[in-house]
Structures are given as C-alpha cells and as structure tokens.
Amino acid sequence: MEVGTGIGREDEMRLIGIGIRRRRSERDDDDRKQRKKEEGRDGRYDRDKDKEKDRRLEDSQREEGELVEDSKKSNSRVENVNANVNGNAALSLGRSGGVYIPPFKLARMMKEVEDKSSVEYQRLTWDALRKSINGLVNKVNATNIKNIIPELFAENMIRGRGLFCRSCMKSQMASPGFTDVFAALAAVVNTKFPEVGLLLLRRMVLQFQRAYKRNDKPQLLAAVKFIAHLVNQQVAHEIIALELLMLLLTKPTDDSVEVAVGFVTECGSILQDLSPRGLHGIFERFRGILHEGEIDKRVQFLIEGLFAIRKAKFQGYPAVRPELDLVEQEDQFTHEISLDDKVDPEITLDIFKPDPQFLENEKRYEELKKTILGEESDDEEGSDAASGDEDDDDDDNDDEESEEDDEEQMQIKDETETNLVNLRRTIYLTIMSSVDFEEAGHKLLKIKLEPGQEMELCIMLLECCSQERTYLRYYGLLGQRFCMINKVYQENFEKCFVQQYSMIHRLETNKLRNVAKFFAHLLGTDALPWHVLAYIRLTEEDTTSSSRIFIKILFQELSEHLGIRLLNERLTDPTMQDSCESIFPRDNPKNTRFSINFFTSIGLGGITENLREYLKNMPRLIMQQQKPASESESGSGSDDESGTSVSSDSETSKSDSESSSSEDEGTEGTEKEVEDTKAISVVLFKKNLVVYVLSSL
C-alpha cells in the first residue's frame, strides 16, 4: 500500500524555483572560473581592453568630423537651390513623385519661365493639371456634380485623359459608394470626348480580368460595380454585361456567384429594358445553380433575394438616379468592347512626355473649351478695356450701369427649393414637438416667413392633420388660432378647402375623415367663413363617393358642434341663401329630391324641412307660373274682339254674346286644366313618397 507524500501545489512550485536559482548560480560560478583561467593564461587582458576603448573613441571622433563636413556641403547645396529658383534644380523638384511645391510657389515659377514651350514649363503645367484633375474628381458628389463638370472641362482633358481615368479608378476603389457619381461624371465627359470614355472602359475591363485571375475579391467587386454603372449610363454596351455574367457563372463558386448577384442588382433594371432575353437566360442559370445546391447557404439566400428583386421589377434599384441623369440618350456615345478583345490600357498617357507642338495644342483646346462652355473670347474684353481708356467719365457711368446689370443677371435662383424644404421641415418639427396648440402657435409665429409663404404653413398643418390615425382636436385649435390672428391665414385656409375638395378623390378614407373634421371645426368656430360651402354642389352628377363621404362627415361634425337646431338656423339665414343654393338645389326636382334623400340618409333630415316644403309646393308654383301666361293670352283675345266691335256697330250684340260665351268656355277649360294638373301632381308625389319609404326601409 502506497502512502502519499503530502506535498501541495505551492510547495512544489517553491521547490522548482529553488532548483532554477541553484542552476543559475552554478552557471555564474563556472563563468568566473573560466575568466580567471583566461586571465592567468594571458596577462594582456587588461591592456587589450584599454586599446579597444581607445580605438572606439578615435572612430567616434572621425565620424563626427565627417558629419560636420557633410552638413557644410548640404547647407551650401540648399543655398545654391534657393539662389537658382528658376534653374534646373528647382524645376526638377516639380516632377511626379518629387518634393511637394505649394501651389502659389508653383504658379510663380510658371510665370517666371520665359520659354513657354520648354520642357521645364511643360512639366510644371503637367503637375498642375494632375493636381487639378485629382482634386476635382475627389470632391465630386451627387450635389455638386453640375458645378464640377464646367471646372473639369476647363482643364485640358485631351492631354490629361490618362490622369482622369486613373483618378476615377482610384477614387472609385477607395469609395465604392460613389460609383454611380463617378460613372455619371465619365458619361458627361464621354459626350464631348468619346476617347476618354473608351480608355476608361478598357482600363476597367483590364482591371476586372486581372482581379479575376488573381482571385482578388475586393478589387473584383469594385471593377464589376463600375462596369455596371457604365452600362447604366450607356457608356458601355450591354453585351459586355452579359459576357461578364456568363464568365462568372460558367464555373460557379461562392465568390463568383456573389459578385454576379451584385452585378445584376446594379444593372438589372437597364438590362431588363435593353436585353430582356439575355437577362432571362442569366436568371435561368441562377435557377440552375440554386437547384444544384453546391454553393453555400448564404449565397443561395442572395440568389433568392435577387429573384425577389426581379419580381418587384427592380424597385429601389434604379439604373440612374434622377439627380445623376445628366445626359440625353441621343447625345451619348456607346462603346462596344468584348472581354475577348486585346486591351491596350495606354499606360504611357499617365506619364509626362514633352510635346513638340505644346503651344499649338493648348491653343486648340482653348478654342474647343470655348465652344463647350460657351465663354466669350478674350479679344472682346481687351477691346472693351481699350475703349474704356478713351472716355473716363462716360466709361465710369457705363461701368456702373454694366455692374448693376451684371448683378441683376447674376441673381441666383434656387430651383432646388432647398429653402422651401427646410421651412417645411422646421414647421413639421415644431408642430410635432409641441405639447399643446398654444405652444405650437407661439413657436410658429416666431418663424420668419416671407410674403407668400403663409400658404406653406397652412398646407403643412393640414398635411400633419391628415397623417394622424385619428383626428386630433389639437390641429383644429391651432388652425383656429391662426385664422383669428391674421386674415391672410383665413384666406389661405379657404384656398386649401377648395383645393382639398377638388382632389378629395385622391385621399384615403382616413385622411379624408381627418380633413373633413378639421374644416368642420374651423366652420363651427366661425374661424372660416361659411361662404366656402358655395364650392360644394350636391347633385348626383357633380359628386363622387369620396366627395359624398366628405360632405357627410363635414355636416355631421357641424351638427355635433352646433346642434341640429342652430345648424338649421344658420343654413336658413337669408345671408346664407346664395352660399347654400348649391347644397340645397331648387333648379330641378331631381336634384332637390337627391339632396333631401342624402341628408335624410345621414341622419340630418331636419335641415331639409324648407326643401321638402318647396318640393311639396312645386306643382302649385308651376301652376301659378302658367296662370299669368294664360291671362296674357286671354287679354290679347279681348282686345281683338273690341276692335271688331268698333268697326261694325250692327253686330255689337252678337259679338258681346259670343265673347261672353267664349269667356265662360275659357274659364271652364282652365278650371279643368288646374284640376288635371293637381291630380297629376298628387299622383307623382304619392309615387315619390312610396319610392322614398321603400328606399329608407
């Protein structure tokens, strides 16, 4: 039977440490013994050590002397460079990859060079061109692209086409999110200089091929995205897109299928328009890859998402954003290039080369720039300056007038409506962040509105009200407050009422209900004049289902605010007869019955009592209108008979008897006609009453 030693973990570690220290001390003892043996064997140990110290001291002093001489030489060299700024030494600093020269110093050096056709001057202009193109390409975005394009055309794009292509590719590689912006910039340049667009396309194809062979996924994604947007801008033909997809999907891997999905997402919208059969074939290939199931689950989900995007007709993935659609289709040059073609990237265009015809080429581009940008020639400006020196007084006045005219012509018009959008945002945030209507009204009145912008506040208030799920009395009180403060808001809300009623069929039911309750509140509190009801014409032909719902909610809310009795008194007020004539029409019995039936069906039949009375008395009114006409006809007949009695005295008695008999017969006939019309009207009224009762049941 074995017995444990009882040694713990701490004791074990302590023993290990003691063993390590013991071995270290033994090694030190061995080193000391060996050193003593060497000293005993060779007594020159100390002398050699002193000699080595002396040798090291001499070497350090020699190095210090050499450094002093080198510093003197470098100082003299710097002085020579500063003394000869216009010499070859200073100009050599301007080459690509050399020492940085500030722009002002570079411009001064270019001015001091007398020979404009020299190699040194060409090198300086080349560096300035490179820096300018790089700066413009780096700061372009969707907002300022329209301002960058004229500045870009002001540079020599023919000479710097290689620099432009390289800068676009580097910038796109660094920020792929701005790929569509760089493609739009290249599309605009391609309209004026097609060789620049072709060179950029060739280099992108070459970059794609190299990245595909090296399995460089980040560079491949960037190249594919740029090519896709060049296809969207129609700089590249759609055939290259189909070839690229077939290359990626011939031997599918996870990475190649992922890249293909991204490519179709970017340019699928335009391929669906330009080559629907080709796109259908690509999606069939995607379906086959999905059925094979050899790729990763993540990539399979990407393919399924792509099919969903295709089903939605690429909504959310437009070919070109509206702000980047800068080129008309007929102005664009489309380049056809294949992946099988041998591509020459023309790398030499990125490197400076002296041009023997430098000045002539610069003049040609200046003329071309004027035709592109539409600038005036410098000769005209010189002639104006010369003519100005002749007459000082007159020219001063002319200059002042011309400056005023220029200021008037140079007034900037903001067609992007940025200020209007900011104003609407401020109004919206103020309305939605306020606790009650008093706080909102106080904050909104502090906003400085230009004349004519009061309408924007009314529109935003109505829009916020319509967007709510249910109507909030907060908006009605706020609108009432503004109508009571200023009559301008009252007129604007009246215009909003007319506009909303004319477009009421476009609103959803929820928005329609909120808008109707909002205007009912304004009418019920007399914040809005009641003559706006004249814009409503309640007939079967002039109303739609949406407008009837609007009128129904409007009058039901008014009856809740005022009560049916007060509402009826307000509508029957003699001053309101002209405004309510279109709501309670009396021109046609059909329209009258429609109005009565409408208000009765919504539970407001009490406000149609006068209209019912009018409809009931309509036959009597018609008869009264017919009676004066019959009396006028009988009067004319009696005048004729009196004329005949004067002409013949012998037949007076006969004519009197005949006239009396004819009058009796006429009165009997009119009485019969009246009885007939009464009977007909009673029958018609009974029929209408039966129809109305049946419809109400």
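**Notes on the predicted model**

1. Helices α6 and α15 are roughly antiparallel to each other, because their axes cross at roughly 160° and an angle over 145 degrees counts as roughly antiparallel. The structure is a predicted model, and the crossing should be read as a property of that model. The two axes come within 9 Å. Helix α6 covers residues 145-154, and α15 covers residues 358-373. On the α6 side the meeting residues are P150, F153 and A154; on the α15 side they are Y365, K369, I372 and L373.

2. Helix α10 spans residues 217-232, 16 residues in total. The distance from its first C-alpha to its last is 22 Å, close to the 22 Å expected at 1.5 Å a residue. Its buried residues are L220, A222, A223, V224, F226, I227, A228, H229, L230, V231 and N232. The cover over these buried residues includes α7 (161-174), α8 (179-192), α9 (194-214), α11 (238-250) and α12 (254-274). After α10 comes Q234, with a positive phi near 60°.

3. Just after the helix, G563 has a positive phi of about 95°.

4. The loop between α14 and α15 holds H335. With a relative accessible area of 11%, H335 is buried, because buried means under 20%. Leaving aside neighbours within four places in sequence, H335 is in contact with N190, P194, G197, L198, L201, V235, A236 and H237. With one of these, N190, there is also a side-chain to side-chain polar contact of 2.8 Å.

5. S338 is placed in the loop between α14 (297-311) and α15. Is S338 buried or exposed? Its relative accessible area is 15%, so S338 is buried. The side chains of S338 and E243 are joined by a polar contact of 3.0 Å.

6. A further loop residue, S275, lies between α12 and α13 (276-292). S275 counts as buried, because its relative accessibility is 14%. Not counting residues up to four places away in sequence, S275 touches E238 and L242.

7. How many disulfides does a search of the whole structure find? The search finds zero. For C168, the closest cysteine sulfur is that of C165, at 6.7 Å, which is too far for a bond; a disulfide requires the two sulfur atoms to be within 2.5 Å. C465 is likewise in no disulfide, the nearest cysteine sulfur being that of C464, 8.8 Å away. Both cysteines are buried, C168 with a relative accessible area of 0% and C465 at 1% relative accessibility.

Methods
Residues are numbered from 1 along each chain as its sequence is written. This is a predicted model: local features need pLDDT of at least 70, side-chain atom pairs count only at pLDDT 80 or more; totals for chains, interfaces and linings use all residues. Side-chain values use heavy atoms; hydrogens and water are left out. Helices (H or I, at least four residues) and strands (E, at least two) are DSSP runs, numbered from the N terminus. Buried means under 20% relative accessible area, exposed over 50%, partly exposed in between (1.4 Å probe, protein chains only). A polar contact is a pair of N or O atoms within 3.5 Å; within protein, one must be able to donate a hydrogen and the other to accept it, and residues adjacent in sequence count only if both atoms are side-chain atoms. Axes are lines fitted to C-alpha atoms, for helices over the stretch in contact, and angles run from 0 to 180 degrees between N-to-C directions. Angles under 35 degrees count as roughly parallel, over 145 as roughly antiparallel, 65 to 115 as roughly perpendicular and the rest as oblique. Contact means heavy atoms within 4.5 Å. The expected span of a helix is 1.5 Å times one less than its number of residues.
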